[in-house]
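Open the model in your viewer and keep the selection panel at hand.

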Amino acid sequence: MSSKQAIVEIAQSLGFERTVIGSIEPMDAERKQYERWLEQGYAAGMEYLKRNPHFRTSPQLLYPNSRSAIIVSVSYFTQPPPDPGPRFGRVARYAVGLDYHPVIRARLRELKSRIEEKLGRPLIAKAFTDDVALYEQGYAARHGLGFSGKNTMIIGPKLSGSYYFIAELFTDLDLDADEPYIGTCGSCFRCGDACPTDAITSAGEVDANLCISYLTIENKGEIPFRLRSKIGRWVFGCDICQEVCPYNQRPPESPWREFQPSSGSGHYIDLCELISIENDIEFKLRFGDSSPLRRPRRFGLLRNALVVLGNSLSRSELQDAVVDRLHIIESLQSFVSREENPVLIEHAIWALAQSADSTLISGAMLDRVVDPAIRDKFSEYII
Ligand code: B12
Ligand code: SF4
Ligand code: SF4
């Protein structure tokens, strides 16, 4: 058995679904693609992506001494339970369990030890996933992990779909690199048609300024008014462009306990409980060190929760769900009375304003909105 075949088998036994080998050649064509994306302003406020595209497409610079990389995928797919009701927000599948970064790095270290045992020699190797300056999707597509779909996800062969993470183990092994996998979306554009914010261009690019995943996770400021209703129930991330993809009709379930909803916050999170978190210390206690939901911090996660609660209040079917409606309204009103952050106060008043009932917002509440332009806008909602 060749070293490559042995590596693929060991990776599979650890739960990595697909394994390909990457070279350390510069990725010139991918750099052009990446720079074009940046030039169009699609990176939004993610400043780190704008620094040094040359480095992100130069695997040879990533880890000195490496001669190739073992590129792997692992599924994070789990099926959500039935919708528990309007005061709950939806969490994207990749985040329902534990933060994938340390989990995958630990498994890659295990992969390294097992390869060392098999080859009978120590490896010079380093594990990466997402946290490094590497254009991972370009790298994965270049070496056949899958093809780049119009939703920009790397879609694996044989209906394995796109619900998986990409990770790499750079090593000093001299292995033959794999060729690209040829796949196609054909004339399909379901993802673009289904995207609530039209973030996917017809050329198959994602404009992060419009993407719910960016708006709810990476965005450090307010959520623009015009996009709030389009966020729907998504309190953290978004899976719509993957849910509608025909390649994702029967995705393999995640093999790892760490990515199961029972290991983390789960598919739905109680938003009234979330907005009762009063400060950063309470937030840290609630989410600890291993939840992906801590990334936008208290400010970002509560901002998202307020938008989703507003969207729930605006839904006509909620007019019959009296208990939920009252609970949401009381939680929002109490939030406005005690919160200090002006941007969060504004989002909470916006949420109350989504209800058909104009008596919910008092003049005293409006006094808490610091921006006069926004205050004027809200005054339309009170009698
Ligand atoms: C920044 C980032 C984001 C941003 C921007 C997303 C984007 N599409 O660029 C935001 C916050 C929006 C985001 C969201 C998500 N992300 Co993200 N993200 C990244 C990150 C850090 C960099 C991505 C990047 O370089 N974008 C820049 C542009 C240039 O790349 P691009 O999307 O590939 O776009 C080009 C191609 O589509 C290209 N194209 C067209 N045809 C072809 C053909 C070929 C061969 C190639 C190579 C390209 C290509 O045209 C575009 C350029 O003009 C990577 C990790 C990493 N270090 O690389 C994870 C990563 C891409 N994200 C990931 C995930 C899981 C998600 C979400 C599903 C999470 C969620 N559920 O909310 C969503 C999906 C949204 C979407 N449809 O893209 C996974 C994707 C795994 C996979 N199977 O592909 C990655 C790889 C992390 C990981 N290690 O697993 N993400
Ligand atoms: S993640 Fe959601 S908002 Fe972003 S491109 Fe996909 S469907 Fe659109
Ligand atoms: S939904 Fe259609 S167009 Fe979009 S990625 Fe899947 S196959 Fe491609």
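Two strands pair if DSSP finds at least two bridges between them. Helices (H or I, at least four residues) and strands (E, at least two) are DSSP runs, numbered from the N terminus. This is a predicted model: local features need pLDDT of at least 70, side-chain atom pairs count only at pLDDT 80 or more, and totals for chains, interfaces and linings use all residues. Residues are numbered from 1 along each chain as its sequence is written, while chains are lettered from A and ligands numbered from 1 in the order in which they are written.

**Stop 1: the whole chain**

Show the protein chain as a cartoon. There are 18 helices and nine strands in the protein chain. Its radius of gyration (taken over C-alpha atoms) is 23 Å, close to the 21 Å that the globule rule gives for 383 residues, so the chain is as compact as a globular protein of that length. That rule is 2.2 Å times the number of residues to the power 0.38. Along the principal axes, the C-alpha trace spans about 75 × 40 × 35 Å.

Now colour by burial. A residue is buried if 20 or more other C-beta atoms lie within 10 Å of its own, exposed if 12 or fewer, and partly exposed in between, with C-beta atoms placed from the backbone. Of the 383 residues, 41% count as buried.

Contacts come next. Two residues are in contact if their C-beta atoms, placed from the backbone, lie within 7 Å. Among contacts with a separation of 6 or more, 76% join residues 24 or more positions apart.

**Stop 2: the four-stranded sheet**

Select E1, E2, E7 and E4. They form an open sheet in the order E1-E2-E7-E4, with antiparallel pairing. Its edge strands are E1 (18-22) and E4, each pairing on one side only. On average, neighbouring strands of this sheet are turned by 20° against each other, direction ignored.

Walk across the sheet from E1. Five bridges pair E1 with E2 in the antiparallel sense, and Thr 19 stands opposite Val 72 in E2. E2 and E7 run antiparallel, joined by eight bridges. There, Val 72 stands opposite Ala 167 in E7. E4 and E7 are antiparallel too, over four bridges. In that pair, Ala 127 stands opposite Leu 169 and Phe 128 opposite Glu 168.

Which residues point each way from E2? Ser 68, Ile 70, Val 72 and Val 74 go one way, Ala 69, Ile 71, Ser 73 and Ser 75 the other, and all are buried. Eight of the eight residues of E2 are buried, so this strand is largely enclosed by the rest of the structure.

Move to E4 (residues 125-128). Both of its faces are covered: Ala 125 and Ala 127 on one side, Lys 126 and Phe 128 on the other, all buried.

**Stop 3**

Axes here are lines fitted to C-alpha atoms, for helices over the stretch in contact, and angles run from 0 to 180 degrees between N-to-C directions. H6 lies across E2, E4 and E7, running at about 45° to E7.

**Stop 4: ligand 1**

Centre on ligand 1. A residue is near a molecule if its C-beta atom, placed from the backbone, lies within 6 Å of it. The shell has 39 residues, and the closest are Ala 92, Glu 136, Thr 152, Ser 213 and Gly 237. The elements that give two or more residues are H2 (28-39), H7 (136-142), E7 (164-171) and H9 (212-218). H2 gives the largest share, five residues.

Colour the shell by class. Ala, Val, Leu, Ile, Met, Phe, Trp, Tyr, Cys and Pro count as nonpolar, Asp, Glu, Lys and Arg as charged, and the others, Gly among them, as polar. The shell divides into 21 nonpolar, eleven polar and seven charged residues.

**Stop 5: ligand 3**

Among the residues around it are Cys 185, Cys 188, Cys 191 and Cys 245. Its shell has eight nonpolar, two polar and two charged residues.

**Stop 6**

Finish with H13 (residues 280-287). How many of its eight residues are buried? The count is zero, and the helix is hardly covered. Gly 288 follows H13, with a positive phi near 60°.
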